[in-house]
Every structure is written in C-alpha cells, then in structure tokens.
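Here is a short report on one protein chain. Keep the sequence and the 3D view side by side as you read.

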Amino acid sequence: MWLLIALLLWDWLLLQVSSRVFTEGEPLALRCHGWKNKLVYNVIFYQNGKALKFFPRNSELTILKTNMSHNGIYHCSGMGRHHYTSAGVSVTVKGLQSSTPDWFKILFYLTVGVMFLVDTVLCMTIHKKLQRKKKWNLAISLNADHGKKVTSCLQKDRHLEEELKCQEKEEEKLQERTHRKKPKEEER
C-alpha cells in the first residue's frame, strides 16, 4: 500500500519539456504541473539534482538560448495538497555544426584569391622569359662559307662583327698593295 501511495505521489507532478534534443541557441521551455492540471505552488526546477529556479506561483521556466551547459536531467518539485516531485526528463543540447565566423571565411577566400593572382602573374612572367630564352637558343645556320652554327642572337652579332673585321682587314691589305704598287710604278 505504501508503494502505491509513493507511485501516486511521484506521478502526481509532471514535468513537460518543449523537446528532448536541442541545437545550441534554441529556446528550452519547461512546464511543471499537477495531475489533471491541479494547482501547484512553490515550484522548484532542478538540473542534475541541483536547484535551478524557484517560482512561488508560476510553474513555467524558459531558457531563451540553450548551450552545452544545459545538457542534463531535469525535474521539478512543488506543493499541492502535499509536497510532490516529478520524474526526471533527459535534455540534450547539441553544438552547432559550423561555428566558423563569417570574417574568417572572408579572410580565407581573400587570401586564396591573392595567392591565385600572385601565382598567375609569376607563371606568366616565367612563361615570357622562357619564350625569350627559347628564341635566344634557336639554332640558326648562317649562309657563311665556314658553315658555323649560331646558337644565339648575341653569337650571331659577334660572328657578323668578326666577318666585318675580316672584310675590313682584307680591304686594308688591298689598299696597302695598291699604294705599294703606285710608288713602284712611279719609280719606273
């Protein structure tokens, strides 16, 4: 018989929750009421066995923004004809999936964009230098009698300068011969 009275006293007070699973930031509503909505006063809400809030006449508690510290088992106690305590109700608060701040995302994408721009400029610069070098190192055969191959414009210019010097020396030699012949002809 005492067990039946204890069960009736236990089940006489009920704790209702708006949900058993929440995402961080959502509101949690707790309502403590008597069997068949009987009047309850001096209501105390508990979290994990510790008193959370006392209401002399109000039997509802709302936590506007839940966080991980609101996880636990809730129950309530109150006065009707006797002092009653409700059964415990488990409440779980899950953390947010993506808590990365917006400024971090903007900074990340801005950094990636700048790196892409710098990489593109470097790539184009290197490409142009390689194209110049490729033109510089092309093998150009000259139509000269000695059949030399020129591997750069600089070498080609040097080769032409050498040919000009050779031609100038040959012209000087010819001029010297002609000058030598003239005095000999005058002597005769």
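Which residue in β6 is the bridge partner of R31? The answer is E60. Keep in mind that this model is predicted.

## Strand β3 and its neighbours

β3 covers residues 28–34. On one pairing, β3 meets strand β6, residues 60–63. The two run in the antiparallel sense, with 4 bridges. The R31–E60 pair is a bridge between them.

β3 also pairs with strand β1, residues 13–17. This pairing is antiparallel too, over 5 bridges. Here L14 has H33 of β3 as its bridge partner.

How many of the 7 residues of β3 are buried? The count is 5, so the strand is largely enclosed by the rest of the structure.

## The disulfide

A disulfide is a covalent bond between the sulfur atoms of two cysteines. Searching the whole structure turns up 1 disulfide. It joins C32 to C76, with an S to S distance of 2.0 Å. The bond links distant parts of the chain: C32 lies in β3, while C76 lies in strand β7, residues 72–79. The two cysteines are 44 residues apart.

Why is this disulfide called right-handed? The torsion about the S-S bond of C32 and C76 is about 80°, so the disulfide is right-handed.

C32 and C76 are both buried. C123, in contrast, is partly exposed, with a relative accessible area of 48%. C166 is also partly exposed, at 45%. Both values fall between the 20% and 50% cut-offs.

Conventions: Residues are numbered from 1 along each chain as its sequence is written. This is a predicted model: local features need pLDDT of at least 70, side-chain atom pairs count only at pLDDT 80 or more; totals for chains, interfaces and linings use all residues. Side-chain values use heavy atoms; hydrogens and water are left out. A disulfide is a pair of cysteine sulfur atoms within 2.5 Å. Buried means under 20% relative accessible area, exposed over 50%, partly exposed in between (1.4 Å probe, protein chains only). Two strands pair if DSSP finds at least two bridges between them.
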